[in-house]
Protein chains: 8
Amino acid sequence: MALEETGPSYGIIMGSADTDLPTMHHVGLALQEMGLQENVDYEERAPSVHRLTELAIEYAKTAEARGIKVIIAGAGGSAHLPGMVASETIVPVLGVAITSSPDVMNRALGSNIGMPKGKPLATFQGEAGAFNAGLFAVRMSIAAGNIALRGKYLEYEARLVEQSAERDSQLLAMGSTTYMGMRGIPRAK
Amino acid sequence: MALEETGPSYGIIMGSADTDLPTMHHVGLALQEMGLQENVDYEERAPSVHRLTELAIEYAKTAEARGIKVIIAGAGGSAHLPGMVASETIVPVLGVAITSSPDVMNRALGSNIGMPKGKPLATFQGEAGAFNAGLFAVRMSIAAGNIALRGKYLEYEARLVEQSAERDSQLLAMGSTTYMGMRGIPRAK
Amino acid sequence: MALEETGPSYGIIMGSADTDLPTMHHVGLALQEMGLQENVDYEERAPSVHRLTELAIEYAKTAEARGIKVIIAGAGGSAHLPGMVASETIVPVLGVAITSSPDVMNRALGSNIGMPKGKPLATFQGEAGAFNAGLFAVRMSIAAGNIALRGKYLEYEARLVEQSAERDSQLLAMGSTTYMGMRGIPRAK
Amino acid sequence: MALEETGPSYGIIMGSADTDLPTMHHVGLALQEMGLQENVDYEERAPSVHRLTELAIEYAKTAEARGIKVIIAGAGGSAHLPGMVASETIVPVLGVAITSSPDVMNRALGSNIGMPKGKPLATFQGEAGAFNAGLFAVRMSIAAGNIALRGKYLEYEARLVEQSAERDSQLLAMGSTTYMGMRGIPRAK
Amino acid sequence: MALEETGPSYGIIMGSADTDLPTMHHVGLALQEMGLQENVDYEERAPSVHRLTELAIEYAKTAEARGIKVIIAGAGGSAHLPGMVASETIVPVLGVAITSSPDVMNRALGSNIGMPKGKPLATFQGEAGAFNAGLFAVRMSIAAGNIALRGKYLEYEARLVEQSAERDSQLLAMGSTTYMGMRGIPRAK
Amino acid sequence: MALEETGPSYGIIMGSADTDLPTMHHVGLALQEMGLQENVDYEERAPSVHRLTELAIEYAKTAEARGIKVIIAGAGGSAHLPGMVASETIVPVLGVAITSSPDVMNRALGSNIGMPKGKPLATFQGEAGAFNAGLFAVRMSIAAGNIALRGKYLEYEARLVEQSAERDSQLLAMGSTTYMGMRGIPRAK
Amino acid sequence: MALEETGPSYGIIMGSADTDLPTMHHVGLALQEMGLQENVDYEERAPSVHRLTELAIEYAKTAEARGIKVIIAGAGGSAHLPGMVASETIVPVLGVAITSSPDVMNRALGSNIGMPKGKPLATFQGEAGAFNAGLFAVRMSIAAGNIALRGKYLEYEARLVEQSAERDSQLLAMGSTTYMGMRGIPRAK
Amino acid sequence: MALEETGPSYGIIMGSADTDLPTMHHVGLALQEMGLQENVDYEERAPSVHRLTELAIEYAKTAEARGIKVIIAGAGGSAHLPGMVASETIVPVLGVAITSSPDVMNRALGSNIGMPKGKPLATFQGEAGAFNAGLFAVRMSIAAGNIALRGKYLEYEARLVEQSAERDSQLLAMGSTTYMGMRGIPRAK
């Protein structure tokens, strides 16, 4: 994935800005964690249901020519957007099933995961899934040879491992009662 | 619904001919029960996933001008077709969630029933639902003033009531053991 | 659908006024969006469980003669009302599965979607579904030749497309962080 | 429950003879196990969807006057029959959710179990539930003072306990491998 | 069901007083609606898990001899109580699946509805179900010849029909907007 | 766990011999894999619903005194047996949710996994779970100091690892098409 | 289980300290109820996802040699930890499916209960399940001959039975209305 | 993705050869459709549960250095493999939830889709999902600049569109009755 192209490499598109941004914003947060920039390295679009088909198809059909290397598409409810985009482009598409409630989440998940044979859509789910879709897109760039991002990614992982080891040591040393008090985790009733 | 127009009034469209016809064929069976004719009063289309978006949108955008008064759209799995059609036309759309298994059925049902505010799609499910979607379309024609179809519909209902009354009388008179024997219903083990 | 008749063309009926109105009120909101008037173009009834059978059957049996062109029937829980009404009239019936919780919603949905062959009921679900049932009823009137409503409907859609395009442009131009701040969408933690 | 009255004391009613008898026949089998007779002590009716409302209501409204002491009502799918009957009579009603598949079973169960406050319906499910509904009806007669049925019921239970004790002794003595061979239960692969 | 006996006719038993009373209290409320008295006409027991088996079995085994005509048994979670009681008595048992959340409710429902052939348990669910179980028990007494309760029951139903008719008339006359305002039902957003 | 005691150390008990043995037989198969013997090291009981409470409680109450170190209790449907046994003994109880269908399996699983606080029941599910419950019981014996079983267990694991490594090598060397042919796995259509 | 060894006998390990402690803390509470001590009789570890595989495997592989007699492993979401630990040790492992919501709980439950044949994992669920896992571990120690813990366990059960009997007596004597008032349980609306 | 490297670019790994190959074989079929070769362009591994952790971790840790550009990991049941692999490598991982039954499928889907924040796993499901995972991997290679594969992919899509258009034309021209006869699709009963 050639980040030296002029346009953004990562295209984030969602069904509805106001409903989906609290989840889809996490895609960008993952990219920022790797030093990538909003509106430079990635762009964000939100057609809404009333322009969904028209805009989604236009976006999908022009993505490859515009230099987009991966599309991250999120939608809740009936969640047609990710599948529609995946059907109209050759660019890899990551679908994020957006979750306002467990019931709706499962419905959106079903709309993404059940794509028919011949129309690939890689599925993620919820806030953690949106963040992970961003990380996955970065891994794709690394697999395609982006050395700089590889360094950023390994630094990110190292930070998390260090923090994790520290907490485990504290828990082992203190026991859970003291640890929960120290970190403000509510005690059992 | 003016049946004297030259083109068909009822448009039946499905995601995939080979997969969806065993269910969607029942829409036509209901129309035939009212004396309507295949390829005259109703037409059937099946884009398949590989031409889905293009053909569905073309179909939806031209339906009103071609004289279609109601579209019955069926799909299984992720089931984007009915919602996509409903989003691109002003013609009323009946969605049929197609059912190869309970799990898939619920997924297709979810894709139909969860349409966002502003994009109406009336939902039916399975073989009985496909048949009922045909009857519903006929009721729409009757509500729009088609007297001939009204007569056919009432005759159809009268036949069913008569048959139903006869079976109930037989069961009451014979008791279930004899009745099950007479009609070849397997006895309880 | 002849709106010049003296009685209302749209009949809204629900299982229980106090429980179902927060959802079923949205049917009327959709009709008002098209310039239709409460108590003139549409009427609302709520038998409650204690008069359900009697009133629902009387309503269904007299609807066609009273000039009702479409009935929108809503119910939660066991949700017998829409199916009972659909069984006793030739007028098209739209069922709205009412939703006090995901669990109850699925139950009400099941009671609507599972109508036996021969008794058609078009199903919608929840608040968005109630609104869409209203829009669907308007589409039926348009398909039956109501030119005035056709104009209102197209104006309504145009307003929504315009608003949607504006928000998409803002998001693309600003990026999600600024957009979320501007519109008061809570930032990710 | 006065079995000396002239008409039947137990009324069995189902949505559709041909579909529901394989399950509802088990209600009668339980009654026969207690020495009760088809068409004398109990009667069976099956309105089917096309006469459902009319016949169900007539049945419910006249049941008490005809001497019916308990109604066992079965239905599958949307399963309106048991609730409709329970709403129109003061006679206790046992609903049987009929099961052609797990998915349909849950839907029918939901339609029975979700009756609103003020309209009681005691719910059973499936073939075992239909048989148990018959036993429950007999327990009601016993609670109302029928000594003869009490004797029959206790004999029935004693037979089952004896058989059960014998099988347990065989299993304990032989071990499962020999026991499975003796009774023709397929061995584990 | 002979209410002139000295002990209570209705036995209410639940898995845990503190957890189950908010639901099971509704059984008694239904009985009180018919003029029946706590601790005279009905009694309430709550063994809790730590005495469950012992007390439930003792209760079940002695119920008939103590004059109990119907047992209403409620439990949440794994919900063994109602089935255990139903297995150890010849008295009819009504099980109430208690509901702290949709997930738990379904589990408790499953534990009640899945009783094996030969061990009848009539199932109800939730607060409305607890109230209905009380009404069902009263219907049993009426079917067994209690004329006084029959009068109370018909008066209760008449009150509800009257209230229901009044609300329907108000809604029809006012329209939903005014009605919702009058009764303090929140308007749609 | 002292295997030198005179009675069996492992008690297997199930709701119904004929229904539950196809699953519960796998507990014994796991024990036999470790060289343990039917009717010597382990015993099998099946009370059935008609003697369930009585026999289950007697079994539970006497288990510790009889030298039973672990009880493996299986049941399907409402599945009261494992919880009832766990409530009446201090011996560790492993519950196996038995599975005739996905729907029933989940119900039985729910009855086991939802035990209230204070009544521990370790849950397993289905045929693989029954076998694993047997292995778990053996691990308990090993943790309690049984050196001989420890050796048997490690030999068993080594056999499986060896077989597993061989298949992986074959797949890697041959590719899936040839491997599937060799092992008779049906090719994709 | 030899508690006189120098290290802890009970190993508690969880996926993430901050997320899982509110549930997993209950394991320790059960052990404390039996007089066991944090950091002496039991230890607590929390690798978190970023060190999960490495630490979990190291923990599992060394557990037996360190004198651990039983491992209680908790995790939410995809919940790989308990199964991974169970696969890498011969020590008995109790898995606790951790529950932030019904949806997530079922997912975590599925990850625990579905272990393949040959890799036993005893499953518990939620807060009550975590507490019960602690009690189950104590029962294992008792079955292995720990007399002191047996006494503690029986005292614990006696306390609960006594409290339970007192509440049942109060409810029976007072009736539910008074009892609910006395214990501050909200009255029915 | 540089296909001229000496080792395979696509690594396919599954939980168990004999159970998972009927699904995972479809990954290779998709790659073959693009002219890629088994054992040259892609490799297949199957550790099985008994070597799962060891082999999966070794595979994951060495993948990048061996030139693997994307890993497609499939597993059923508790389905730990894909998540474990994704946690131990920086190479993008596609997880395939394998489906022996609807119930198991959902469990495996849950184990894949619920990965915690920081450990990305792109999820697919079932046979169609395995094939699509193969296509998705090819799209990744195309996005990374592989022109030859781009040509193959577009030819593949063109073939499918042509076939799809032909079937739609036949259906429209013939009507469903004739079409179903011609293609041997069973007629409705």
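Guide: Contact means heavy atoms within 4.5 Å. This is a predicted model, where local features need pLDDT of at least 70 and side-chain atom pairs count only at pLDDT 80 or more, while totals for chains, interfaces and linings use all residues. Residues are numbered from 1 along each chain as its sequence is written, chains are lettered from A and ligands numbered from 1 in the order written, and side-chain values use heavy atoms, with hydrogens and water left out.

Visitor: How do you know that the copies F and G meet through the same surface?

Guide: Of the interface residues of chain F, 100% are also interface residues in chain G, so the copies use the same surface.

Visitor: What relates chain F to chain G?

Guide: A rotation of 180° with 0.0 Å of shift along its axis superposes chain F on chain G, at an RMSD of 0.0 Å. The two copies are thus related as by a two-fold rotation axis.

Visitor: Now chains E and G: how many residues does the contact take from each?

Guide: Chain E gives 22 residues and chain G gives 23.

Visitor: Why is the meeting of E:R51 and G:D168 called a salt bridge?

Guide: The rule wants a side-chain nitrogen of Lys or Arg within 4 Å of a carboxyl oxygen of Asp or Glu. Here the side chains are 3.4 Å apart, N to O, so the pair passes. Across this interface of chain E and chain G the rule finds four salt bridges.

Terms used
Copies are superposed by least squares on the C-alpha atoms of residues with pLDDT of at least 70 in both.
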